[in-house]
Amino acid sequence: MVTLQKSKWKHFWNGWDSLNRSKEVLYSYTKKISEINPLQFFHNGSANFKGQRFFWTNRARNEMIVGLGITLQFSSIENGKERYLEIEKRWKQIVANSFCHSPNSHIGPYMFGGFSFDPKRERTPLWEKFAHTEFVLPTVMLTIKDDEAFLTYNFFTDTSKEKVNQTLLLEEALLKDGTHSYGSSELSSFLEMDPIEWKQSIEEVKRRIVAGHMDKVVLARELRTKFLDSINVESVLSILLEEQPCCYVFAFEREDNCFIGASPEQLVQKESEIVKSMCLAGSIARGKTIAEDENLGDTLLSDSKNLQEHDFVVQMISNSLKAVCQQVTTGDRPKLYKLKHIQHLFTSVIGELKDEVSIFQLIERLHPTPALGGYPKEISLETIREVEVLDRGWYAGPIGWMNFNGDGEFAVAIRSALLQEKEASLFAGCGIVGNSDPESEYEETRIKFKPMLSALGGIRHHDSNE
């Protein structure tokens with residue numbers, strides 16, 4: 001067996017050998033490294049960790065995380081708010097029984113994962129590889145934060161020295177530089193799933209809203225594409241990173257499936273006692289010229305239907321945070337959040353926690369916001385279960401990470417797709433209120449499909465059907 005040079009890994013093995021093996025302990029070892037392109041690291045991991053990779057970057061691009069392998073995988077069988085608390089409890093137990101070595105007090109073991117939009121919704125085979133609640137602690141993790149790069153290894157004490165050694169020996173290959181042109185597959189077919197039935201569901205929801213049962217419901221639909229060859233995840237990520245600079249970009253692999261997207265919407269970020277969220281609701285297309293774009297933006301800022309949608313989200317998020325924060329600040333009026341294909345109404349929300357509240361407790365309070373579910377929450381969810389014509393799975397659910405300090409960040413998993421070898425299912429939704437027009441909502445979803453379609457290489461086919 002090839003072994004590592006003891007001197008090179010002196011600090012690692014000294015820590016490993018000092019552990020008490022009478023009980024299972026997480027050993028997390030972090031070291032600073034030269035910066036590497038995170039997409040390159042993700043690609044390098046395909047040889048040994050294919051189907052066990054995740055990728056994450058925040059909107060500012062000053063924090064990027066790539067995980068390879070699975071040291072621990074955990075999910076919840078609960079289908080209510082207990083699912084959040086169960087995951088949090090298990091993570092705290094792991095962290096409390098761990099030994100962490102790191103040159104940076106903010107860098108160490110992270111768990112990454114997500115939640116389905118609605119665990120009470122009947123499952124379909126489309127999402128069989130994804131549990132309603134699923135998180136992983138990666139074996140090897142690259143963290144790039146504020147232009148510093150760190151490599152973290154996570155092992156439990158019952159892992160054999162031989163296996164640990166084999167993993168450490170992969171480091172040179174994982175950190176290898178290279179230039180790649182990630183090839184894309186050719187689109188072979190393109191199918192909008194039940195568009196007529198979806199428009200009919202809008203009319204049904206409108207009738208219920210007018211009758212006073214609720215104020216707003218978000219309805220989503222699916223677009224399915226097929227390709228001649230297996231879809232290259234690195235290629236899709238590369239295009240999303242280039243074309244969606246103001247979005248979270250994420251990928252979560254489960255065997256031969258990958259849930260991937262570029263979401264503009266933050267659900268919640270917790271850093272010590274400071275909490276941030278955002279209200280993103282109300283949409284319109286981008287213009288082809290500066291003048292047209294500004295005119296469309298002004299139209300959105302004065303449109304009663306979109307302003308009503310946006311206000312539902314602002315009120316819900318701010319009220320939810322006021323219950324646990326000593327102060328909450330929101331913008332006086334919505335601003336425009338401009339992306340490549342679409343622009344949204346946007347309001348930031350910042351709070352300061354008054355008590356010890358975990359990020360999972362915050363997720364439980366906030367998900368789903370009226371931007372993804374509707375208002376009021378419970379009757380909107382019941383309506384979606386009844387009339388929506390797809391299984392959302394992880395689409396529009398929270399996806400993100402929590403670290404060993406209890407801080408973390410979660411995005412709303414919109415502008416996303418489920419990749420399954422040669423097929424991809426894309427998802428998009430719209431907020432329905434009493435004066436919604438089904439054709440306008442349908443066109444809005446076509447715009448929302450474009451980021452993923454562009455990354456998959458199918459946008460020309462989609463646009464040719466307009």
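Visitor: Which residue forms a salt bridge with K305?

Guide: A salt bridge here is a side-chain nitrogen of Lys or Arg within 4 Å of a carboxyl oxygen of Asp or Glu. In this predicted model, K305 pairs with E309, and their closest N and O atoms are 2.5 Å apart. The two residues sit four apart in helix α10 (residues 304-322), so about one helical turn separates them. Helices are DSSP runs of H or I with at least four residues, strands are runs of E with at least two, and both are numbered from the N terminus.

Visitor: Are K305 and E309 buried or exposed?

Guide: Burial goes by relative accessible area: under 20% is buried, over 50% is exposed, and anything in between is partly exposed (1.4 Å probe, protein chains only). K305 is buried at 10%, and E309 is buried at 5%.

Visitor: What should I keep in mind about the model itself?

Guide: It is a predicted model, where local features need pLDDT of at least 70 and side-chain atom pairs count only at pLDDT 80 or more, while totals for chains, interfaces and linings use all residues. Residues are numbered from 1 along each chain as its sequence is written, and side-chain values use heavy atoms, with hydrogens and water left out.

Visitor: How many salt bridges does a search of the whole structure find?

Guide: The search finds 30. One of them joins D17 to K161, with the closest N and O atoms 3.1 Å apart. That pair links distant parts of the chain, since D17 is in helix α1 and K161 is in helix α5, 144 residues apart. Both ends are partly exposed, D17 at 40% and K161 at 45%.

Visitor: Which residue does R385 meet in a salt bridge?

Guide: R385 meets D118, at 2.6 Å from N to O. R385 belongs to helix α12 (residues 377-387) and D118 to the loop between β6 (110-115) and β7 (133-137), so the pair ties together parts 267 residues apart in sequence. Here R385 is partly exposed at 25%, whereas D118 is buried at 10%. Salt bridges can also join into a network, as they do for E192, R221, E443 and R446.

Visitor: How do I read a helix by its buried residues? Take α5: which of its residues are buried?

Guide: In α5 (residues 161-168), the buried residues are V164, N165, T167 and L168. Looking down the axis, they fall within an arc of 160°, so they line one face of the helix. That arc is taken over the directions from the helix axis to the C-beta atoms. Their cover includes α1 (10-17), β8 (140-145), β9 (148-156) and α6 (171-174), where contact means heavy atoms within 4.5 Å.

Visitor: And which residues are buried in α8?

Guide: Helix α8 (residues 233-243) has V233, E234, S235, V236, L237, L240 and E243 buried. At its start, a side-chain oxygen of N232 comes to within 3.0 Å of the backbone nitrogen of E234.

Visitor: Last topic, cysteines: how many disulfides are there?

Guide: A disulfide is a pair of cysteine sulfur atoms within 2.5 Å, and by that rule the count is zero. For C325, the nearest cysteine sulfur is that of C279, 13 Å away. C325 is buried, at 6% relative accessibility. For C430, the nearest cysteine sulfur is that of C247, 17 Å away. C430 is buried too, at 1%.

Definitions and conventions:
A polar contact is a pair of N or O atoms within 3.5 Å; within protein, one must be able to donate a hydrogen and the other to accept it, and residues adjacent in sequence count only if both atoms are side-chain atoms.
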